Amino acid sequence: MTDTRVPSRVFRRAAQDAKTAKTSVSTPQTQNPAYRLAFQDMDFLLREDLRPIRFQLELLKPQLILEEARIASTFVFYGSARIPEPDKARALLDLATDDKSRRIAERLVAKSRYYEVARELARITSRLPRDADGKRHFVVCSGGGPSIMEAANRGARDVGAESIGLNIVLPHEQAPNPYVTPALSMQFHYFALRKMHFLLHARALAAFPGGFGTFDELFELLTLIQTGKIEPIPVLLFGREFWERVIDFDALVEEGVVSERDLGIFTFVETAEEAWDIVRCFYEDRAAQEPSPPTG
């Protein structure tokens with residue numbers, strides 16, 4: 001046989017049959033939900049019985065998007081959705097009407113400097129060139145929301161780089177911040193799957209001051225490293241004053257519930273340059289410790 005023009009497939013593609021199914025002749029049979037193709041039947045896909053399939057889909061779709069975008073690793077940014085950029089923070093202070101709201105506004109003004117710090121760190125990591133295989137590393141990845149998350153995506157946009165936003169469906173209206181790359185803006189139903197995607201490709205993580213959500217995401221990572229479920233990565237806590245005020249890390253050691261060694265999982269930092277130096281040194285030291293390939 002000399003003809004090499006063998007077709008790559010003989011079955012019709014699912015997209016073709018899906019299009020055909022939508023134009024089926026209208027009869028009592030074709031109009032009944034039982035006749036819908038399973039993958040076009042939303043009522044079927046949203047059944048309680050189909051939760052394992054939805055887990056799989058929510059794991060698979062973002063993974064394929066990142067692979068097709070040739071993203072090999074990410075730099076994840078966690079932080080509050082309530083810390084505005086400095087100008088907006090000062091406006092909140094001007095609007096304060098009592099002592100309590102004024103004290104809160106003053107603290108937000110003090111923390112608002114981290115908006116610019118996050119933005120600058122994102123600029124630094126987003127300038128890295130692609131590797132020899134054309135893949136990108138330390139791509140900025142945030143929760144896709146406002147404030148610190150917005151600052152991270154905005155910093156990447158400042159230098160013309162793509163960035164990721166992993167949004168979550170919440171009861172109140174929420175939209176991705178305008179600086180997330182549209183093709184890398186993803187939405188999740190399951191918090192667990194979203195947190196998994198934060199960490200699957202993470203090779204460094206910056207945690208800025210935040211609330212319950214930031215604590216949830218940060219402490220899951222600390223636990224994974226502490227228990228050896230994942231290899232250590234640089235974990236950078238911005239704002240020692242904030243973190244040591246809201247969490248007494250030394251007391252955890254004194255109470256015997258964590259070891260002194262566990263406090264070495266993370267590092268306190270204040271500036272973008274300091275953070276990037278720690279990440280760079282971490283991977284330079286790691287490369288130096290790897291055995292050289294055999295020669296000859």
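Trainee: At what angle do helix H6 (residues 99-111) and H7 pack?

Mentor: This is a predicted model: local features need pLDDT of at least 70 and side-chain atom pairs count only at pLDDT 80 or more, while totals for chains, interfaces and linings use all residues. Residues are numbered from 1 along each chain as its sequence is written, and side-chain values use heavy atoms, with hydrogens and water left out. The axes of H6 and H7 lie 4 Å apart; axes are lines fitted to C-alpha atoms, for helices over the stretch in contact, and angles run from 0 to 180 degrees between N-to-C directions. The packing angle of H6 and H7 is about 25°.

Trainee: How is H6 oriented relative to H7?

Mentor: The angle between H6 and H7 is about 25°. Angles under 35 degrees count as roughly parallel, over 145 as roughly antiparallel, 65 to 115 as roughly perpendicular and the rest as oblique. The orientation of H6 to H7 is therefore roughly parallel.

Trainee: How many residues of the contact of H6 with H7 are nonpolar?

Mentor: Val109, Ala110 and Lys111 of H6 meet Arg113, Tyr114 and Tyr115 of H7, contact meaning heavy atoms within 4.5 Å. Ala, Val, Leu, Ile, Met, Phe, Trp, Tyr, Cys and Pro count as nonpolar, Asp, Glu, Lys and Arg as charged, and the others, Gly among them, as polar. The contact has 2 charged residues and no polar ones, and the number of nonpolar residues is 4.

Trainee: How many residues apart are arginine 113 and glutamate 270?

Mentor: The side chains of arginine 113 and glutamate 270 meet in a salt bridge at 2.7 Å, N to O, a salt bridge being a side-chain nitrogen of Lys or Arg within 4 Å of a carboxyl oxygen of Asp or Glu. This pair links distant parts of the chain: arginine 113 belongs to helix H7 (residues 113-126), and glutamate 270 to the loop between strand E7 (267-269) and helix H13 (272-289). The separation of the two residues is 157.

Trainee: Is arginine 123 buried or exposed?

Mentor: Glutamate 120 and arginine 123 meet in a salt bridge of 2.6 Å, N to O; they are separated by about one helical turn because they are 3 residues apart in helix H7. Buried means under 20% relative accessible area, exposed over 50% and partly exposed in between (1.4 Å probe, protein chains only). Glutamate 120, at 22% relative accessibility, is partly exposed. Arginine 123, at 17%, counts as buried.

Trainee: Which residues do salt bridges that share partners join into one network?

Mentor: Glutamate 120 is partly exposed and arginine 123 is buried. Both belong to one network of salt bridges that share partners, whose residues are Glu116, Arg119, Glu120, Arg123 and Asp158.

Trainee: How many residues of strand E3 (residues 164-168) are buried?

Mentor: Helices (H or I, at least four residues) and strands (E, at least two) are DSSP runs, numbered from the N terminus. From E3, Ile164, Leu166 and Ile168 point one way and Gly165 and Asn167 the other way. The strand is largely enclosed by the rest of the structure, because the number of its residues that are buried is 5 of the 5.

Trainee: Over how many bridges do E3 and E4 pair?

Mentor: Two strands pair if DSSP finds at least two bridges between them. Strand E2 (residues 139-142) pairs with E3 in the parallel sense over 2 bridges, and cysteine 141 stands opposite isoleucine 164 in E3. E3 and E4 also pair in the parallel sense, and their number of bridges is 4.

Trainee: Which strands are the edge strands of the sheet?

Mentor: The open sheet has 7 strands with parallel pairing, in the order E4-E3-E2-E1-E5-E6-E7. Each edge strand pairs on one side only, and these strands are E4 (185-188) and E7.

Trainee: At what angle to E3 does helix H9 (residues 191-200) run?

Mentor: Helix H9 lies across strand E1 (74-78), E2, E3, E4 and strand E5 (202-207). Its angle to E3 is about 165°.

Trainee: Is proline 178 buried or exposed?

Mentor: Proline 178 is placed in the loop between E3 and E4. Its C-alpha atom is 8.3 Å from that of arginine 154, and the two residues are 24 apart in sequence. At 60% relative accessibility, proline 178 counts as exposed.
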